[in-house]
Amino acid sequence: MKIAYSGVDSKVVVWIREFLLGRTQRVRVGRKFSEELRVTSVVPQGSVLGPLLFLAYVNDIWTNIESTIRLFADNCVIYRKIINNGDVEELQKDLDRLGEWAVENAMKINPTKSKAVRFTRARVKDPLNYSLMNALIPEARSCKYLGIILRSNLSWVDQVNYTVKKAWKALHFTMRIIKKGNSNTKSLAYMSLVRPILEYGVACWDPYREGQISALDRVQKKAVKFAHHTSSSNWEILASCRKLSRVCALFKAYSGERSWKAIGDRLQRPH
């Protein structure tokens, strides 16, 4: 129904309906098959069209919600600037509306898998008591959003620790697999498998504490020694890459590119 009301051509609506209805599935183990069962989840997993249909289904989740809401695939973030108790009540009302939407659209939201995080540097002792679908949302000091760990005190220590741990794991795997490779192969493997982990999302996070910077640099120093059997190379240092990413992001916001326009509108232009 949502697709039909969105203005899509009626022939496309019929095609999508035929694609979704009457589907069955079964499991094969060796040469034996299980009995066929009807697919009741509507959107088939693994299909190219599935994610698009899911997005079309949840596209109206923001209706009647006053707080800011962000959607990316099946991730949903709702937030609001809290100044007084009135803002707390408004945010709770929006959470209630979100729960009502889920019931009306037969969508299941697990409140225990949600997190309530307060971003502030002030020392606040009052606990967060937000609820979703009559269940208390557990309070947390940090949350992961699109692969970036956001800490309540705006520190990047959790993000750095997570990135370093993941990068070391990828580097050790690479060193085991191609330990007999030449320098070019080892360098290419590092740049393809490890370096992207160290650079992911650095346009929005960049540590300033020496200990955190050194922890990131140690990964690349180990890779340099592995690839070139020396402590120096012509690889660009990580700090420079992070700075370049921030400058590029600032330029996109300043020039008003679509995905950065909301940030660019809040920038103060020079005279």
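Q: What makes A227, H228 and W235 contacts of S187 in this predicted model?
A: In this predicted model, contact requires heavy atoms within 4.5 Å. Leaving aside neighbours within four places in sequence, S187 is in contact with A227, H228 and W235. S187 itself belongs to helix 6, which spans residues 183-193.

Q: What makes the pairing of the side chains of S187 and H228 a polar contact?
A: The side chain of S187 lies 3.4 Å from the side chain of H228. A polar contact calls for a pair of N or O atoms within 3.5 Å, one able to donate a hydrogen and the other to accept it. The pair is accordingly listed as a polar contact.

Q: Why is S187 called buried?
A: The relative accessibility of S187 is 12%, and buried means under 20%. S187 therefore counts as buried.

Q: Why are helix 5 and helix 8 called roughly parallel?
A: The axes of helix 5 (residues 157-177) and helix 8 (residues 210-228) cross at roughly 10° and come within 9 Å. Angles under 35 degrees count as roughly parallel, and therefore helix 5 and helix 8 are described in that way.

Q: Which residues of helix 5 and helix 8 meet, and how do they divide into nonpolar, polar and charged?
A: On the side of helix 5, the residues are V157, V160, T163, V164, A167, W168, L171, T174 and M175. Helix 8 contributes Q212, A215, L216, R218, V219, K222, A223 and F226. The residues of this contact of helix 5 with helix 8 comprise twelve nonpolar, three polar and two charged.

Q: How do you know that strand 5 and strand 6 pair?
A: Pairing needs at least two bridges, and five bridges join strand 5 (residues 68-72) to strand 6 (residues 75-79). The two strands run antiparallel, with I69 opposite I78 in strand 6. They form a hairpin with two residues between them, and A73 in the turn has a positive phi of about 55°.

Q: What makes L146 partly exposed, and where is L146 placed?
A: The relative accessible area of L146 is 35%, so L146 is partly exposed. L146 occupies the loop between strand 9 (142-145) and strand 10 (148-151). Its phi is near 55°, a positive value in a residue other than glycine.

How values were computed: Residues are numbered from 1 along each chain as its sequence is written. This is a predicted model: local features need pLDDT of at least 70, side-chain atom pairs count only at pLDDT 80 or more; totals for chains, interfaces and linings use all residues. Side-chain values use heavy atoms; hydrogens and water are left out. Axes are lines fitted to C-alpha atoms, for helices over the stretch in contact, and angles run from 0 to 180 degrees between N-to-C directions. Helices (H or I, at least four residues) and strands (E, at least two) are DSSP runs, numbered from the N terminus. Angles under 35 degrees count as roughly parallel, over 145 as roughly antiparallel, 65 to 115 as roughly perpendicular and the rest as oblique. Ala, Val, Leu, Ile, Met, Phe, Trp, Tyr, Cys and Pro count as nonpolar, Asp, Glu, Lys and Arg as charged, and the others, Gly among them, as polar. Buried means under 20% relative accessible area, exposed over 50%, partly exposed in between (1.4 Å probe, protein chains only).
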